[in-house]
Amino acid sequence: MDLDSVLVPAVVFYFIFKIFELYVRRGERLRLIEKLDSLSSVEGKVDLRMLTPTPSLGIGRNVGIKIASLLIGMGLGALLGMVMTFFFVRAMEGYVDWSLYRTYEMFSGMGMLIFGGLGLLIPSIILRDEKKEQ
């Protein structure tokens with residue numbers, strides 16, 4: 001399959017989408033300006049943050065705890081991968097078509113993903129329970 005047959009329609013549709021998005025955003029901005037004009041005549045001081053939604057990334061103040069837990073989990077996963085590779089090497093000494101590098105890569109990747117995920121899940125559960133108590 002030729003790459004041009006995929007890229008050309010994709011680029012065309014992308015630019016058509018951007019043109020429509022430009023006009024939609026222009027209309028939204030005009031409506032926002034009209035809303036500001038009507039509010040400023042009623043009150044002298046208008047808080048603009050109340051008119052537009054603020055994007056929330058969900059990071060909050062506990063980002064340090066989450067990052068530290070993720071890194072600790074990934075370190076434990078890498079350590080577990082090394083230990084599992086060591087024991088697997090002992091069990092597979094007689095086989096010819098076997099690669100130590102691939103086994104280490106599989107076990108360490110598996111351990112890092114599992115324990116890294118647990119490192120993100122556990123603080124989230126703990127912090128959620130603390131928010132319920134408050």
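Author: A residue counts as buried when its relative accessible area is under 20%. The structure discussed here is a predicted model.

Reader: What percentage of the 134 residues of the protein count as buried?

Author: The cut-off for a buried residue is a relative accessible area under 20%. Applied to the 134 residues of the protein, this criterion gives a buried share of 12%.

Reader: Which pattern does the protein follow along the sequence?

Author: The protein contains 3 helices and 0 strands. Read from one end of the sequence to the other, the pattern is therefore written with helix symbols, helices being DSSP runs of H or I. For this protein the pattern is α-α-α.

Reader: In which helix is confidence highest?

Author: Over the protein the mean pLDDT is 77, with 74% of residues at 70 or more. Helix α1 (residues 4-42) has the lowest confidence, at a mean of 80. The highest value, 84, belongs to helix α2 (residues 63-91).

Reader: Does Leu118 count as buried, partly exposed or exposed, and why?

Author: Leu118 is a residue of helix α3 (residues 100-133). Buried requires under 20% and exposed over 50%, with partly exposed in between. Because its relative accessibility is 36%, Leu118 counts as partly exposed.

Reader: What accessible area do the residues of the nonpolar surface patch have together?

Author: The accessible surface of the protein is about 11400 Å², and carbon and sulfur atoms account for 68% of it. The patch consists of Met110, Ile114, Leu118, Leu121, Ile122, Ile125 and Ile126. Together these residues have an accessible area of about 580 Å².

Note on methods: Residues numbered from 1 in each chain as written. Predicted model: local features only at pLDDT ≥ 70, side-chain atom pairs only at ≥ 80, totals over all residues. Heavy atoms only, no water. pLDDT = per-residue confidence, 0-100. Helix = DSSP H or I, 4+ residues; strand = E, 2+ residues; numbered from the N terminus. Buried < 20%, exposed > 50% of the residue type's maximum accessible area, 1.4 Å probe, protein only. Areas by Shrake-Rupley, 256 points an atom, 1.4 Å probe, with all protein chains shown as cover. Patch = residues over 30% accessible without salt bridge, like charges linked within 9 Å, V, L, I, M, F, W, Y side chains within 5 Å. Salt bridge = Lys/Arg side-chain N within 4 Å of Asp/Glu carboxyl O.
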